[in-house]
Amino acid sequence: TAPADIQGHWAQEEIQRAMDAGWADGYPDGTFQPEQTITRAEFTKLLLDAIHLTPDSETVAWMKGASQAQAPLEDMADHWLTEGGWMDAALVSGMVVTEDYYDHNFRPGKPIARYEIALMVTRALGQVIEAKLEEGLDLSFTDNEEILDWMKGYVHMASKAGVVRGYPDGSFQPNKASTRAEAVVMVQRMLDEMEQGLNPDIHLVVQYRDENGTTVERDQPPLTMQVVDGMVYIPVRGLFELQADMMKEAGSEYAGYWGQFWYALWWPVEQIC
């Protein structure tokens with residue numbers, strides 16, 4: 001049953017989709033409170049749940065084993081986000097970066113600002129490298145000067161993907177607190193962008209050739225592909241595992257070593273291996 005307080009709301013459709021999918025919840029009294037601000041902690045859990053980086057997920061388990069650890073956040077030891085494993089998932093995946101926060105204090109109860117959402121959805125889309133390359137870019141928003149240079153690439157990538165948008169007056173308002181409705185809509189747009197990138201028409205062929213010239217080929221291997229702005233992304237874990245399997249088939253003596261090599265290669269801040 002839809003919460004009564006989203007009936008007729010501008011974000012009713014997106015909120016209902018999120019609730020039906022299970023990554024957004026209402027309150028025990030049956031309301032959703034769409035115009036209430038959403039905290040950093042609440043948005044972090046919302047985003048991780050939406051992209052299936054839950055504390056018990058296989059991907060998070062791999063990241064924990066492979067991750068170059070970030071410095072801890074100083075004020076999160078007894079918080080529900082930490083106790084439930086959500087903060088670990090956020091840090092090892094790079095959705096939350098310790099260095100973004102003054103004195104490494106997350107301040108989980110603080111309403112999340114629009115620029116922070118731009119950072120996190122860009123990371124979720126896997127476009128950290130592209131965002132860093134555009135650091136200091138002059139943006140078309142009328143309040144461009146209010147957006148710090150290091151944030152601009154992230155804001156640009158998030159707005160380019162249609163996830164975070166400006167206001168009718170042409171401003172972005174980076175420091176404005178987001179409401180629950182706005183947060184859900186932005187995450188839903190991000191998910192829609194991800195789904196558009198799942199392109200069944202791309203035909204993938206992978207070849208491995210060893211030092212003796214032996215070639216092994218796989219036609220349409222079971223790898224997840226996503227296309228964002230014309231670039232094909234494939235999870236690096238899947239590539240390493242596929243290469244190890246193909247090396248084994250070719251009789252390479254390094255197959256076993258390569259199959260374990262990727263465990264020490266994940267840098268969450270840069271999101272690179």
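Select Ser93 to begin; this residue is placed in helix α5, where helices (H or I, at least four residues) are DSSP runs numbered from the N terminus. The model is predicted: local features need pLDDT of at least 70 and side-chain atom pairs pLDDT 80 or more, while totals for chains, interfaces and linings use all residues. Residues are numbered from 1 along each chain as its sequence is written, and side-chain values use heavy atoms, with hydrogens and water left out.

Ser93 counts as buried, at 1% relative accessibility (buried means under 20% relative accessible area, with a 1.4 Å probe and protein chains only). Next, display the backbone nitrogen of Met95, which the side chain of Ser93 reaches at 3.4 Å.

Now select helix α2 (residues 40-50) and helix α5 (residues 86-93), whose axes come within 10 Å and cross at roughly 70 degrees. The axes are lines fitted to C-alpha atoms over the stretch in contact, and angles run from 0 to 180 degrees between N-to-C directions. The two helices α2 and α5 are therefore roughly perpendicular (65 to 115 degrees). Thr44, Lys45, Leu48 and Asp49 of α2 meet Trp86, Ala89, Ala90 and Ser93 of α5.

Finally, move to Ala66 in helix α3 (residues 58-66). Ala66 is buried, with a relative accessible area of 3%.

Technical notes. Parallel < 35°, antiparallel > 145°, perpendicular 65-115°, else oblique. Contact = heavy atoms within 4.5 Å. Buried < 20%, exposed > 50% of the residue type's maximum accessible area, 1.4 Å probe, protein only. Polar contact = N/O pair within 3.5 Å; in protein donor to acceptor, adjacent residues only side chain to side chain.
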